Amino acid sequence: MRAAIFERFQGPITITTLPDPAPRPGGVVLKVGATGLCRSDWHGWMGHDTDISLPHVPGHELAGTVVAVGAGVTRWAEGDRVTVPFVGGCGHCGECAAGQHQVCENQFQPGFTHWGSFADHVAIDHADVNLVALPEEMGFDVAASLGCRFVTSFRGVVDQGRVRAGEWVAVHGCGGVGLSAVMIAAAAGAQVIAIDIDPAKLDLAQSLGAVATVDATTAGDVPGQVHEITRGGAQLSIDALGHPVTCVNSILSLRRRGRHVQIGLLLADQARPAIPMDRVIAWELELLGSHGMQAHRYPAMLEMIRRGRLQPEKLIGARVDLDEGARLLTMMDRFPGTGVTIIDRFGAG
């Protein structure tokens, strides 16, 4: 298979030919139709994720076609068009038995615990538990854009955040996660405030349903701006970037008994930021995490897409080949581009 691989953290990412994977018992091999380029991949390349063993093939937002099926797989066959959550469940532990595969005690993550989808083939374990059938009308590019960002935002806004129509929702950071959260919250009938440092991303957020925006480079007091717009603070606030500043701003943007959801990753020396716990206690705020989404929750989201209530295709910013995707991965800390970048060509040239 043709794949992007790195042999040391923060080192060169090279494009080379590697042996095709074989399915393990209970697993499958997919021919990758498209894969997303995500800041989580950059964290992995930087060495912030302790699950990665070198050498490594990154990539965790993927969609493709089943081309090989391992022993014991009962639900899938060659030719099936599928996607997969970026957190895979084992199907046997207590959390999986409770339907909470996204926090499986023995979870696997393509692109982190295993080689990922910056390649034209990828092996996926526990296929019967984790694969999701794609609607025939959905292209691999759109399916890959759901990746970790859209589905994590869906769970974060709908399941963890418990968004309700008419509520104020503040979204801090308008990359792929944040723009997804804006669209999903607006589709649920919420009034969304988008916060970012890039005017182009704020304009896109407005086109996706945000009723107000805050430019963090000029606002000075971001939480104060949110409180002014909402006349008291947001009921739900999302840190979609993953930074100590946006985390604290999100918490301070809440009104009393509000709900903060941490979707953006805080890793390495930022993993344990100072939290305004005095506000959390005095105002009875909720602090919640959101870590992927179970395969069995995809149908609700896919139905909203089918009906046109959610339009993830609007989040796709660029489509590139594998060589360009490998180059862009090393630049993710500089937030290049607007929207979600998709790798949809894997051949040479």
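**Close-up 1. Ser-207 counts as exposed, at 51% relative accessibility.** Welcome to this predicted model; our tour opens on helix H6 (residues 199–207), where Ser-207 lies. The label "exposed" applies because the value of 51% passes the cut-off of over 50%. Met-183 is 24 residues away from Ser-207 along the chain, and the C-alpha atoms of the two are separated by 9.2 Å.

**Close-up 2. Helices H4 and H11 cross at roughly 95 degrees.** Here we look at H4 (residues 140–160) and H11 (residues 298–306), whose axes come within 11 Å. On the H4 side, the contact is made by Leu-146, Gly-147, Phe-150, Val-151 and Phe-154, while H11 brings Tyr-298, Met-301, Leu-302, Met-304 and Ile-305. Sorted by class, this contact has nine nonpolar residues, one polar residue and no charged ones.

**Close-up 3. Phe-6 and Phe-9 form a tilted aromatic pair.** The structure holds one such pair, so take a moment to enjoy it. The ring centres of Phe-6 and Phe-9 are 6.3 Å apart, and the planes stand at 50 degrees.

**Close-up 4. Two arginines sit over aromatic rings.** Arg-81 lies over the face of Phe-140, at 4.7 Å from the ring centre. In the other example, the charged end of Arg-279 is placed over the ring of Trp-283, 4.1 Å from its centre.

**Close-up 5. Helix H9 has buried residues covered by other elements.** Within H9 (residues 244–252), the buried residues are Thr-246, Cys-247, Asn-249, Ser-250 and Ile-251. Their cover includes the strands S8 (168–172), S11 (234–239), S12 (254–262) and S13 (286–289), together with the helices H8 (222–230) and H10 (277–282).

**Close-up 6. The peptide bond from Leu-54 to Pro-55 is cis.** Its omega is near -5 degrees. To find the spot, follow the loop between helix H1 (39–46) and strand S4 (62–69), which holds Pro-55.

**Close-up 7. Arg-257 and Ala-268 have positive phi values without being glycines.** For Arg-257, phi is near 65 degrees; this residue lies in strand S12 and counts as exposed at 56% relative accessibility. Ala-268 has a phi of about 55 degrees. Ala-268 is found in the loop between S12 and H10, and at 43% relative accessibility it counts as partly exposed.

Conventions
Residues numbered from 1 in each chain as written. Predicted model: local features only at pLDDT ≥ 70, side-chain atom pairs only at ≥ 80, totals over all residues. Heavy atoms only, no water. Axes fitted to C-alpha atoms, helices over the stretch in contact; angles between N-to-C directions. Helix = DSSP H or I, 4+ residues; strand = E, 2+ residues; numbered from the N terminus. Contact = heavy atoms within 4.5 Å. Nonpolar A, V, L, I, M, F, W, Y, C, P; charged D, E, K, R; others polar. Phe/Tyr/Trp six-rings, centres within 6.5 Å; stacked < 30°, edge-to-face > 60°. Lys NZ or Arg CZ within 6 Å of the ring centre and 35° of its normal. Buried < 20%, exposed > 50% of the residue type's maximum accessible area, 1.4 Å probe, protein only.
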